[in-house]
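Reader: Please show me the model, and then let us go through its features one at a time.

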Amino acid sequence: MMGLFLLFTSTDVRGARLDNTIGVVKNARGSLVIIRGAGTQDRVKGSAILPLFEGDELRSESGCQAVIEFHDGTRIALNEHTTFIIRSRPAKGGIVRIIRMLLGEVWVKTSAKPDPLEFETPVAKAAVSGTELNVRVADDGRSQLTVLEGTVDFWSAGVNCSIQPSTQSIGQRGKPCTPPVPVDGSLVTGWSQQLMKLVRTVATIRAKGSGVRPQKASSAAQARLLAERAAKADAYRNLLEAAYGVLVTSSTSVKDLATQNDSVRTTLDGFIRGASLVGVRHLDDGTVEVEMEIRLNREFWAIFPRV
């Protein structure tokens, strides 16, 4: 029996991660079950950010749609009734991430420089490089591949089909992949595009802050500078509060860990100080508003012990 894998290749092959997280999951709708490698479960309802680890199994229940984002920026949206397991295998210069898809539907958008990534379903295989696509797997393993961007080499029963943008092919057990046929991608990805509007940036938190120009400043320039400094300090505090609300498990928040551990709290505060400035607004009343953001990358998750 031949398995299907979708291989995302890149000339930029990254090395091993500094910690054991591989990305984050953002549950946007419904109830998402994450089965961890040790057999423990996290059940998330509603919107929450959780770290992803090697060996995690994700199951989207009825009415659930969720998005995951790997550290390289590649995003995968899960439709309801979808199950897959995250694996990896050694490769030159690092590892290849493997998504072993058992059932359901996913939309995939690779980053500009993706880490090597493979998709597996029960009946065929395909290789892609820097692309956007949709994969649907039926109960019997029948796999429908729709390519939206890029070109995909799609194998089934030893036969290779080159799938071009805006075309679709089907892999079935023991049968060659079907010749690609033109398809309106919007009809296939309508569900994922609606979902992505709710989850615009999976692994980034943003916060705003405001500051007032002091009346006793020695000059207008100094007043402006002090107001911006106060607005940034306010934004940092708000970012920290937002980070406190991020979940490490479905029952443990960042705030829980920071409260229990002074080192975690201190390290987190230093991490937040590395936030980027998104924009500055000077209002007519003299108030300054700033917006800042911080990406929840591998350095963020390395702050916390795995619980």
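Author: This is a predicted model. In it, a disulfide joins Cys161 to Cys177, with an S to S distance of 2.1 Å.

Reader: How many disulfides does the model have in total?
Author: A pair of cysteine sulfur atoms must lie within 2.5 Å to count. Cys161 and Cys177, at 2.1 Å, are such a pair. By this rule the count is one.

Reader: Which hand does the disulfide of Cys161 and Cys177 have?
Author: The hand follows from the torsion about the S-S bond. That torsion is about 100 degrees, so the disulfide is right-handed.

Reader: How far apart in sequence are the parts that the pair ties together?
Author: Cys161 belongs to strand 16 (residues 159-163). Cys177 is in the loop between strand 17 (167-171) and strand 18 (181-182). The separation of the parts tied together is therefore 16 residues.

Reader: Is Cys64 buried or exposed?
Author: Buried means under 20% relative accessible area. The relative accessibility of Cys64 is 0%, so Cys64 counts as buried.

Reader: Which residue in strand 5 stands opposite Asn27?
Author: Strand 2 (residues 21-29) pairs with strand 5 in the antiparallel sense over six bridges. Six of the six residues of strand 5 (residues 48-53) are buried, so this strand is largely enclosed by the rest of the structure. Opposite Asn27 stands Ala48.

Key
Residues are numbered from 1 along each chain as its sequence is written. This is a predicted model: local features need pLDDT of at least 70, side-chain atom pairs count only at pLDDT 80 or more; totals for chains, interfaces and linings use all residues. Side-chain values use heavy atoms; hydrogens and water are left out. Helices (H or I, at least four residues) and strands (E, at least two) are DSSP runs, numbered from the N terminus. Buried means under 20% relative accessible area, exposed over 50%, partly exposed in between (1.4 Å probe, protein chains only). Two strands pair if DSSP finds at least two bridges between them.
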